Amino acid sequence: MATITSLGVGSGLDLTGLLDQLQAAERGKLAPITLQKQQQQAKISAFGQLQTSLNAFQDAVEKINDPKLYQSLSANVRGTGSGEAIKATAAAEALPGSYRVDVSQLATSGTLASSRVDASDQALDLQGATALQLTFGSGEGVATKTVDITIADGSSLADIRDAINADKQAGVNATIINDGTGYRLALSSKTTGAEASIESFSFVDADSAAVTGPFAEDALTKRPGENAALTVNGIAISSAENSIEGAIQGVTLNLAELTIADGETASSTINIERDTLKQREAINGFVKAFNDLKGTIGKLTSFTGDSETAGELVGDNTVRTIESRLRSVLTGGVGGGELSTLSQLGITLQRDGKLKVDDDTLNDLVANNPQALSDFFTGENEGGGMAGRLNTTIEQMLGNNGVVKLAISGAENRVKSLDDRFERMEKTIEGTISRYRKQFSQLDSMIAQMNSMSSYLTQQFDALDSQLGRKK
């Protein structure tokens, strides 16, 4: 008997369509598993959004947990003409006040050039010299120092330049200038000020005795380095650098952008004031970050009666735990300071769970009592204030053993379990469909045989009727 290769060919029945219907019915058993997996994946994504909002809130909390925030001062510079280029920055130890700054001289670097030589790359007659001795220190009362740069016999002007630049102790940068007639060695002090200024150079032999050497210094090219000269409230100050620390307590003056002509004085008034803007921005940022977190939670737990539009974390115990712990810290208050509750700062918890700021109350505290704000948020020790307690609570919730990570890992484990269940169910369905296909194939063959037998018997009966004369 021929083998049936296509269902229904032998029987004439739509066995393939029937098998497809049975297969669709069997695979329908996978739909609940797929739906549950999608729900768990949606939860993982939702917990990711919640984690992001908690991280943003923690960042805002850390900003108000910095004691330096409440001590911060700003330096406002008011000047005319070149005095506008004076810059000032205030550190925490600065004190409020007004200071008149008059700058008559910027700190400059010393420069010096040599006499000419004919070529920069030809060996020079060193006349017994083994080193080029550099002398530093310019001006009356300024201590001098010397640095010896070793030079090899037969060195060219370029070799001497390279030897100077290779010596980290040289104190100068060296280059070669072609003035159109010859080549000169040009030296420039690496740092500004009279003490670091290149004063002179000379050639010396192995016994440190001066020798004539192949070239001398050109006195006409000498430009001594000078200290910056300024007065602060009439007090004269000299500085080797144009960045001056300590002239005003906690304030750094930067004169680098000044341009002062001979005989000119650049004047500015520097006002050191408490930086209330940073404090207000940080505290309002803390309130906004909390309200954004509440908004995220509201979206993830929303329910309008329609399960298809409900939030992914409706009724989730993790969310309730997070809200409860944060609310407990925010309403619990702190002790040991002038302020003990958020409401005393003008920050109140509304019926919808969000925070609201009374700007007048907060601005008054920022302007007149920043220490009380510092005590409330930062406390006497780390973690002792409101911000420290909030930070500890958030770290616990976001930690490896925190409720958020445990909720995410729980959902991930359920997804893995559903994947395993899906795979097992698929194998079972494949086995069932394979069995149906085999049974249908047998049925098809059986009906084909029966049809063949029926056709044969019909032919035999027709032949018999013909012999008996029964067929008309």
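**Close-up views of a predicted model**

**View 1. Helices α2 and α8 pack against each other.** The axes of α2 and α8 come within 9 Å and cross at roughly 155°. Angles over 145 degrees count as roughly antiparallel, so α2 is roughly antiparallel to α8. The crossing is left-handed. On the α2 side the contact is made by Q51, L54, N55, F57, Q58, V61, E62 and I64. On the α8 side the residues are A387, L390, N391, I394, E395, M397 and L398. Sorted by class, the contact has nine nonpolar, four polar and two charged residues. As in the other views, the structure shown is a predicted model.

**View 2. Helix α2 also meets helix α5.** Helix α2 spans residues 31–64 and helix α5 spans residues 317–332. Their axes come within 12 Å and cross at roughly 15°. Angles under 35 degrees count as roughly parallel, which means that α2 is roughly parallel to α5. This crossing of α2 and α5 is left-handed. From α2, the residues F47, L50, L54 and F57 take part, and from α5, the residues T318, V319, I322 and L326. Seven residues of this contact are nonpolar, one is polar and none is charged. L54 and F57 of α2 are listed in the contact with α5 and also in the contact with α8. Residues three or four places apart in an α-helix point the same way, because the helix has 3.6 residues a turn.

**View 3. Helices α4 and α6 cross at an oblique angle.** The axes of α4 and α6 come within 10 Å, and the angle between them is roughly 135°. That angle makes α4 oblique to α6. The crossing of α4 and α6 is right-handed. In α4 the residues that meet the partner helix are T276, Q279, R280, I283 and N284. Those of α6 are D359, L362, N363, V366 and A367. The contact of α4 with α6 divides into four nonpolar, four polar and two charged residues.

**View 4. Helix α7 is largely enclosed by the rest of the structure.** Helix α7 covers residues 370–378, and seven of its nine residues are buried. The buried residues are P370, A372, L373, S374, F376, F377 and T378. What do the buried residues of α7 pack against? They pack against helices α2, α4 (276–300), α6 (359–368) and α8 (386–398), and against strand β16 (266–274). Just after α7, G379 takes a positive phi of about 75°.

**View 5. R184 is a buried arginine with polar contacts to two aspartates.** R184 is found in strand β8, which runs over residues 183–189. Is R184 buried or exposed? Its relative accessibility is 13%, and residues under 20% count as buried, so R184 is buried. The side chain of R184 makes a polar contact of 2.9 Å with the side chain of D179. The side chain of R184 makes another polar contact, of 2.8 Å, with the side chain of D218. Not counting residues up to four places away in sequence, R184 touches S114, S115, R116, L157, T175, I176, I177, D179, D218 and T221.

**View 6. Q396 sits in helix α8.** Q396 is partly exposed, with a relative accessible area of 45%. Leaving aside neighbours within four places in sequence, Q396 is in contact with R325, G402 and V403. Where does Q396 stand relative to L112? Q396 and L112 are 284 residues apart along the chain, and their C-alpha atoms are separated by 65 Å.

**View 7. Q127 and N233 have a positive phi without being glycines.** Most residues other than glycine have a negative phi. Q127 has a positive phi of about 55°. Q127 lies in the loop between β4 (111–114) and β5 (131–136). With a relative accessible area of 41%, Q127 is partly exposed. N233 also has a positive phi of about 55°. N233 is found in the loop between β12 (228–232) and β13 (235–239). N233 is partly exposed as well, at a relative accessible area of 46%.

Conventions
Residues are numbered from 1 along each chain as its sequence is written. This is a predicted model: local features need pLDDT of at least 70, side-chain atom pairs count only at pLDDT 80 or more; totals for chains, interfaces and linings use all residues. Side-chain values use heavy atoms; hydrogens and water are left out. Axes are lines fitted to C-alpha atoms, for helices over the stretch in contact, and angles run from 0 to 180 degrees between N-to-C directions. Helices (H or I, at least four residues) and strands (E, at least two) are DSSP runs, numbered from the N terminus. Angles under 35 degrees count as roughly parallel, over 145 as roughly antiparallel, 65 to 115 as roughly perpendicular and the rest as oblique. A crossing is left-handed if the near helix is turned anticlockwise from the far one by less than a right angle, and right-handed if clockwise. Contact means heavy atoms within 4.5 Å. Ala, Val, Leu, Ile, Met, Phe, Trp, Tyr, Cys and Pro count as nonpolar, Asp, Glu, Lys and Arg as charged, and the others, Gly among them, as polar. Buried means under 20% relative accessible area, exposed over 50%, partly exposed in between (1.4 Å probe, protein chains only). A polar contact is a pair of N or O atoms within 3.5 Å; within protein, one must be able to donate a hydrogen and the other to accept it, and residues adjacent in sequence count only if both atoms are side-chain atoms.
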